[in-house]
Amino acid sequence: MAAASAAVASVAFTIADDRISESSGLAMSRRHPDVVYTHNDSEDDARVFALDTDGSTRAVLTLEGVQARHWEAIATGEDDAGRHRADRPGGCEPLPLRAG
């Protein structure tokens, strides 16, 4: 029996923004390859942080009319049927971000 090889973990970046106290999910932007989205799990406003790949904050997107209550994950793109997340209850449109 061959010995199992251990995966080597590496840190891609460290989140530098003190407002992100409990990051609960990361999603790469499909439009901007150098942007990663995250949000806090709870005890925060309804907002999404757009991070650069070095962990610095590029933008904060405030979601009006939304309550941030125990958010667990974040995703970008389409579901398995090719529908945007906005077609699903509780979903939201892809987030706009003008890079640069």
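T57 is partly exposed, with a relative accessible area of 28%. This residue of the predicted model is found in strand β4. The side chain of T57 is joined to that of D17 by a polar contact of 2.7 Å. Leaving aside neighbours within four places in sequence, the residues in contact with T57 are D17, R19, I20, F49, A50 and L51. T57 also lies 7.5 Å from A16, C-alpha to C-alpha, although 41 residues separate the two in sequence.

D17, the partner of T57 in the polar contact, is placed in the segment before β1. D17 has a relative accessible area of 12% and is therefore buried, the cut-off being under 20%. By the same cut-off T57, at 28%, is not buried; because its value also does not exceed 50%, T57 is classed as partly exposed. Not counting residues up to four places away in sequence, D17 touches F49 as well as T57.

The strand that holds T57 belongs to a chain with four strands and zero helices. Along the sequence the pattern is β-β-β-β. The four strands form an open sheet in the order β1-β2-β3-β4, with antiparallel pairing. β1 and β4 are the edge strands, each pairing on one side only. On average, and with direction ignored, neighbouring strands of the sheet are turned by 25° against each other.

The largest nonpolar core has six residues in all: V35, Y37, V48, A50, A59 and L61. At least two residues of this core come from each of β2 (35-40), β3 and β4. In a regular strand the side chains alternate between the two faces of the sheet.

Two core members, V35 and Y37, are also in contact with S29, once the neighbours of S29 within four places in sequence are left aside. S29 lies in the loop between β1 (23-28) and β2. With a relative accessible area of 9%, S29 falls under the 20% cut-off and so counts as buried. The side chain of S29 reaches the backbone nitrogen of H32 at 3.0 Å.

For the chain as a whole, buried residues make up 29% of the 100 residues. The accessible surface comes to about 7200 Å², and 48% of that surface belongs to carbon and sulfur atoms. Of the contacts between residues at least 6 apart in sequence, 43% join residues at least 24 apart.

How values were computed: Residues are numbered from 1 along each chain as its sequence is written. This is a predicted model: local features need pLDDT of at least 70, side-chain atom pairs count only at pLDDT 80 or more; totals for chains, interfaces and linings use all residues. Side-chain values use heavy atoms; hydrogens and water are left out. Buried means under 20% relative accessible area, exposed over 50%, partly exposed in between (1.4 Å probe, protein chains only). Contact means heavy atoms within 4.5 Å. Accessible areas come from the Shrake-Rupley method with a 1.4 Å probe; for residues, only the protein chains shown count as cover. A nonpolar core is a set of buried Ala, Val, Leu, Ile, Met, Phe, Trp, Tyr and Cys residues joined through side-chain atoms within 4.5 Å. A polar contact is a pair of N or O atoms within 3.5 Å; within protein, one must be able to donate a hydrogen and the other to accept it, and residues adjacent in sequence count only if both atoms are side-chain atoms. Two strands pair if DSSP finds at least two bridges between them. Axes are lines fitted to C-alpha atoms, for helices over the stretch in contact, and angles run from 0 to 180 degrees between N-to-C directions.
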